[in-house]
Amino acid sequence: MPQYTVNVKWRKGNVELNTEETPMVFKSQRFALTGVQLARQKGMVKRGTLKDDEWGNIKLKHGMTLLMMGSADVLPEEPVVRPVFVENMTEEQLASAMELPRGLTRLGHTCYMNATVQCIRSVPELNEAFKRYSGALRALGELASAQCITTALRDLSASKDKTSTSIPPIVLLQFLHVAFPQFAERGEQGHYLQQDANECWVRVMRVLQQKLEAKKVTLKWRLTRTLQGHLLRQEQLPSKR
């Protein structure tokens with residue numbers, strides 16, 4: 001087969017094309033001319049695309065223009081940390097990536113307790129105090145119930161940081177019923193009765209005051225709209241002289 005001189009339309013320059021050699025040789029010539037890696041090249045002529053293994057039925061002639069597509073830019077380096085797709089994430093990774101609030105499973109009429117827990121969860125100082133608390137679920141004495149409730153709240157708070165699914169607060173509910181029997185009242189059909197969320201909040205906060213270590217701060221905090229869990233931070237108080 002004859003030899004042709006063709007113009008590669010990528011950067012100006014003529015290339016000798018010998019059809020007695022494989023198209024890969026011509027591809028290497030284009031690489032030398034343009035710097036485009038072989039795997040990134042795509043050669044096109046009128047009514048056809050150049051293949052890597054054969055010339056096919058492409059009609060060539062002297063002076064014809066060949067269009068080459070491809071980029072000579074440096075290939076991106078492989079990332080040090082491989083990306084993790086959502087479908088491949090664990091529950092812990094998904095919870096961290098999505099930054100979604102974790103819900104609590106309703107165990108009958110326990111909306112009042114769930115609202116209290118979510119409100120406590122929104123207070124950064126309480127979350128820090130839970131991390132410092134080292135109490136266990138097994139306790140004796142007058143403050144046994146208070147310790148168990150505080151421990152259950154601490155463990156529930158830690159669990160909510162590790163999952164993206166709702167959590168059933170069974171342990172907390174059991175200790176709440178032991179400490180405050182009024183929350184364990186049942187109706188005629190045996191279901192737990194709905195309770196007042198504000199009363200639950202007050203009871204639980206008194207328990208936490210007994211067990212959690214207070215931390216001195218220089219800012220004055222005022223907690224309002226407790227059932228919605230909103231915090232309002234006031235300006236720093238002037239020091240007394």
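Predicted model: local features only at pLDDT ≥ 70, side-chain atom pairs only at ≥ 80, totals over all residues.

Leaving aside neighbours within four places in sequence, Ala-184 is in contact (heavy atoms within 4.5 Å) with His-177 and Tyr-192. Ala-184 belongs to the loop between α6 and α7, where helices (DSSP runs of H or I, at least four residues) and strands (runs of E, at least two) are numbered from the N terminus. Its relative accessibility of 25% makes Ala-184 partly exposed; buried means under 20% relative accessible area, exposed over 50%, and partly exposed in between, with a 1.4 Å probe and protein chains only.

Residues are numbered from 1 along each chain as its sequence is written, and side-chain values use heavy atoms, with hydrogens and water left out.

**Overall architecture**

The protein contains seven helices and seven strands. Read from the N terminus, its elements follow the order β-β-α-β-β-β-α-α-α-α-α-α-β-β. Of its 241 residues, 31% are buried. Among contacts with a separation of 6 or more, 56% join residues 24 or more positions apart.

His-177, the contact partner of Ala-184, is one of the buried residues of α6, together with Leu-172, Leu-173 and Leu-176. Seen down the helix axis, these buried residues fall within an arc of 135°, so they line one face of α6; the arc is that of the directions from the helix axis to the C-beta atoms. The elements covering them include α3, α5 and α7.

Helix α1 spans residues 23-34, twelve in number, and reaches 16 Å from its first C-alpha to its last, close to the 16 Å expected at 1.5 Å a residue. The expected span is 1.5 Å times one less than the number of residues. Its buried residues are Pro-23, Phe-26, Lys-27, Arg-30 and Thr-34. They cover an arc of only 105° around the axis, which puts them on the same side of α1. Just after this helix, Gly-35 takes a positive phi of about 85°.

**Nonpolar cores**

In soluble globular proteins, nonpolar side chains tend to be buried together. A nonpolar core is here a set of buried Ala, Val, Leu, Ile, Met, Phe, Trp, Tyr and Cys residues joined through side-chain atoms within 4.5 Å. The largest such core has 30 residues, and those touching the most other members are Tyr-112, Ile-120, Leu-126, Leu-153, Leu-172, Leu-176 and Leu-208. At least two residues of this core come from each of α3 (111-121), α4 (124-132), α5 (144-160), α6 (170-179) and α7 (197-211). Helix α7 supplies the largest share, seven residues. Beyond its neighbours within four places in sequence, Leu-126 is in contact with Ile-120, Met-205, Leu-208 and Leu-212. Apart from this core lies another, of eleven residues, including Val-36, Trp-55, Leu-60 and Met-68.

**Charged pairs and cysteines**

Side chains of opposite charge can pair when their charged atoms come close. A salt bridge is a side-chain nitrogen of Lys or Arg within 4 Å of a carboxyl oxygen of Asp or Glu, and the count comes to three.

| Lys-131 | Glu-128 | 3.8 Å |

Lys-131 and Glu-128 both lie in α4, three residues apart, about one turn of the helix. Lys-131 is exposed at 63% relative accessibility, whereas Glu-128 is partly exposed at 40%. Arg-203 and Glu-199 are four residues apart in α7 and so are separated by about one helical turn. Arg-203 is partly exposed at 29%, and Glu-199 is partly exposed at 29%. In the remaining pair, Arg-154 is buried, with a relative accessible area of 18%, while Asp-155 is partly exposed at 30%.

The structure holds zero disulfides, a disulfide being a pair of cysteine sulfur atoms within 2.5 Å. Cys-119 is buried at 1% relative accessible area, and Cys-148 is buried at 5%.
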